[in-house]
Amino acid sequence: MKSIDLKALDAEDTLNSLKKEFYQPDGVIYLDGNSLGMMPRIAAQRVQEVTRQQWGHDLITSWNKHQWIDLPQKVGDRIGGLIGAAPGQTVCCDSISVNLFKVLASALRLRPGKTKIVSTEDNFPTDLYMVQGLEALLGESQCHLKLVNEAELAQAIDEQTVAVLVTEVNFRTGRRLDIEELCAAAHNAGALCIVDLAHSTGVLPVALDNWQVDFAVGCTYKYLNGGPGAPAFVYAAKRHQHAMQQPLYGWMGHSNGFTFSPQYQPADSIQQMLVGTPAIIAMSAVDAALDVYDKTSISAIRQKSMKMTEVFLKLLALSAPCRELRCISPQAAEERGSQLSFEFDHAWGVCQALIKSDIIADFRAPCYLRFGFSPLYNSFQQLGEVVSELEQIMHEKRYLKPEFQTRHKVT
C-alpha cells in the first residue's frame, strides 16, 4: 500500500471539494452508493422547504405557485441531460418496475405480430419479472421471454423479437454492455432496444439519443442520491411518442387531464408515461440532489470512478490475505461500471465484518462481495482504510465468527 500515494491522489482530485455537499456520518466509510446514495445536504434543505412552506403554508396553491404540476417533466429533463437525451423524452415518475411494464407493453404494441423479449440470464430479477408478468397476463402466444448469456445477446435477436431488454451495467459483476452495438443489432432485425440504466445514471457517460435507444428506465436513489424509494425515470425516444401507447391509463397521462373526461385520450408526448399524482416531496429531493451535478461533469466523474477501481485493485494485490477474494468484474476499467465484485465462499461474513467496522459494502447472492465507488463523496484515502481493514478480516478469518453468520434481508 505504501507504493500508492493516496493522499496525493486526493490532493489532485478535482471532485474532492464536492464531498462537503453530502451528509457523511462520522467514522463511516460508505462504498454502497450503487445501492443507496448518500444524502445531499441540499436535498434535506429542499424537503424541509417543501414540507414547511410549500405544503404547510401554501397548500394546494403550490401546484401552480411552486410548479409542482411540472415537476415530473422538469426533473425528467434534468436527468435527460445526464443520459444524453434531448428535452421532452424523459420524465420522472413511479418505479423502475412500473415504468418497465409501461415500456414493455408499448413495445409490444409498436411491433405487432412479434412476441419475443430477449434478455440476459443475469439481468436484474425485477426486469425479468416484469416480462414474466406480461407473459402471464397476455399468454405465451403474445409475449414470451428468451434468456441468454450476455455474450449471446446479439445472436439471439431474430424476426420474432419485439425488443432486447438489457441493463447496461450488470448488477452482480459490474460488466458494462455495448448498448450502441446492441441497438444496431436490434434495429437490423426490426426489434427495439430497452435499456435499464440503474447502475449507469450519474456515474457513466450515457448517450441514449446518439445510440438510438428506443426506451430506457432508471432509478434516482443510487448514484443520483435522490433518497430511498425516490421516484424513477423513463425515457421514450421522440420518434416513438406519437405511436406508442402504454396501458396504465392515468389522468396525469391524459392529453388534457383537467377536462376530467370519462374517456382516456393519451398525451402525444412523454407525458403519456405519467399515471397518477406524482410524489412531490420525494421528487423535490431528487430535483435538489441533481444540483450537485451542476458543479461538475459526467466525464470528470467517470475518470475518477475508473481511477478508484484501478487503485482499489492495486491495493488488494499488495495484500496477500486479500488475494483470496476473486474479482469477477472485468479487469479493464472501461469495461466495467463504478463497482467491483468479488467471489468468496464467506462473502456474507466478510461483508458483515466490514459493516461492524463502519465500512459499508454489500453482499449479493450466492457468494459475492460488492463495492460501489461514488466519486462525488468517496476519497482515495478511504480506499486505503478499507483494504487495511479487509486485510485484517481476511487474515484473522473474522468472517467465520458466529455473529457474522446469521443472514437477514438485504437490498
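In strand β13, Leu369 is the bridge partner of Phe363, and β13 (residues 368–372) pairs with β12 in the antiparallel sense over three bridges, where two strands count as paired if DSSP finds at least two bridges between them. The model is predicted, so local features need pLDDT of at least 70 and side-chain atom pairs count only at pLDDT 80 or more, while totals for chains, interfaces and linings use all residues. Residues are numbered from 1 along each chain as its sequence is written, and side-chain values use heavy atoms, with hydrogens and water left out. Helices (H or I, at least four residues) and strands (E, at least two) are DSSP runs numbered from the N terminus.

**The antiparallel sheet**

- Four strands make up an open sheet, in the order β9-β10-β13-β12, with antiparallel pairing.
- Its edge strands, each pairing on one side only, are β9 (326–327) and β12 (362–364).
- Helix α11 (residues 298–317) packs on this sheet and touches β9, β10 (339–343) and β13, contact meaning heavy atoms within 4.5 Å.
- The direction of α11 makes about 30° with that of β10; axes are lines fitted to C-alpha atoms, for helices over the stretch in contact, and angles run from 0 to 180 degrees between N-to-C directions.

**Helices α11 and α13**

- The axes of α11 and α13 (residues 380–396) come within 10 Å and cross at roughly 30°.
- The two helices are therefore roughly parallel to each other, a term for angles under 35 degrees, as against roughly antiparallel over 145, roughly perpendicular from 65 to 115, and oblique for the rest.
- Residues of α11 including Met308, Val311, Phe312 and Leu315 belong to a group that meets residues of α13, among them Leu383, Val387 and Leu390.

**Strand β5 and its parallel partners**

- Strand β5 (residues 161–167) is mostly covered, with seven of its seven residues buried, that is, under 20% relative accessible area, where over 50% is exposed and in between is partly exposed (1.4 Å probe, protein chains only).
- β5 pairs in the parallel sense with strand β3 (residues 116–120) over three bridges, and Val118 stands opposite Val164 in β5.
- β5 also pairs in the parallel sense with strand β6 (residues 192–196), over five bridges, and here Val164 stands opposite Cys193 in β6.

**Helix α5**

- Helix α5 (residues 96–110) has 15 residues, of which 13 are buried, so the helix is largely enclosed by the rest of the structure.
- The end C-alpha atoms of α5 are 21 Å apart, which agrees with the 21 Å its 15 residues should span at 1.5 Å a residue, the expected span being 1.5 Å times one less than the number of residues.
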